Amino acid sequence: MFPRILAVSDLHANWEWFAWVNRHAHRFDLVCLGGDLCEIFTERATLKDQHQSILHRLFRLAATGRSLAVAEGNHDAARPGWLGQGPGLEKVMWPGFSEEICIAGQTLVLSVCHDTVVDGVNAPGRVAAVFEAGATARDRTGSPWLVLHHEPPEGTPICAGADGNRLLSGLVARHRPDLVICAHIHEAPFEEYLGGHWHYRIGHTLLVNAGQWPKRRWPCHLEIEGDIVTWRAPGHPRGAVRLG
Ligand SMILES: [Fe+2]
Ligand SMILES: [Fe+2]
């Protein structure tokens, strides 16, 4: 169903984790970064320096020939306009991309979203157009459909104990993508006492959030191949779930 996909989010300017992604990208056909590439609450580096470092790392990742999709998180949106086209980055699928692609001989529809919380308020029109375009491409082609959307839907296990997006559940129920990769609520997969989990379903749609476990040598991530989604988090048993 899907080619080999590595999905990592919430790297928050952890350069050791960026290096891990670059080292492991060769095992996959598509690398998806689900937002919060930079970190706004740090004095280690200015946001401007972080943006330059991240774009350089994306350039090196794109140069390996892997397909690369980059969604926007709230830390990235704090200073808009830096995440996007540049020399060597022409083939990267940036926020706003929503169409059918062919990777490693397999077709899929890929929708990449902008951050959805602007000034603390859900921005209703921003993502709706991306979903509309993705649904049109899916209906036309019948290809499997993957969405990257940073904030998980509020009130679900992948958003446990925290504020999330109040509009995403409705968009998912209406348009029914096959897989939605969320992020943002780092602790949700690990807070089982709050009902937290790394995956959740709305109808036939599977929604996932790999979470973030800080101060480890490798980042929480998802590996997708065919119709199996595997979750890996340092110090935790690996999980797997089937699409559909
Ligand atoms: Fe984050
Ligand atoms: Fe976030």
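## Helix α1

In helix α1, which spans residues 15-24, the buried residues are W17, F18 and V21. Viewed along the axis of α1, these buried residues fall within an arc of 105°, and they therefore line one face of the helix. The face of α1 that is turned away from this buried side carries E16 and R23, both of which are exposed. These descriptions, like those that follow, refer to a predicted model.

The buried residues of α1 are covered by elements that include the strands β1 (2-8) and β2 (30-33), together with the helix α2 (47-63).

## Helix α5

In α5, which runs over residues 168-175, L168, L171 and V172 are buried. Seen down the axis of α5, the buried residues fall within an arc of 95°, so that they line one face of this helix. On the other side of α5 lie A173 and R174, which are exposed.

After α5 comes R176, a residue whose phi is positive, near 55°.

## The nonpolar core

The largest nonpolar core comprises 65 residues, and those with the most contacts inside this core are V31, C32, A69, I181 and V208.

Which residues is V208 in contact with, once its neighbours within four places in sequence are left aside? The contacts of V208 are then I158, I181, C182, W198, H199, L222 and V229. One of these contacts, I181, is itself listed with V208 among the residues that have the most contacts inside the core.

Methods
Residues are numbered from 1 along each chain as its sequence is written. Chains are lettered from A and ligands numbered from 1 in the order in which they are written. This is a predicted model: local features need pLDDT of at least 70, side-chain atom pairs count only at pLDDT 80 or more; totals for chains, interfaces and linings use all residues. A nonpolar core is a set of buried Ala, Val, Leu, Ile, Met, Phe, Trp, Tyr and Cys residues joined through C-beta atoms within 7 Å. A residue is buried if 20 or more other C-beta atoms lie within 10 Å of its own, exposed if 12 or fewer, and partly exposed in between; C-beta atoms are placed from the backbone. Two residues are in contact if their C-beta atoms, placed from the backbone, lie within 7 Å. Helices (H or I, at least four residues) and strands (E, at least two) are DSSP runs, numbered from the N terminus. The arc is that of the directions from the helix axis to the C-beta atoms.
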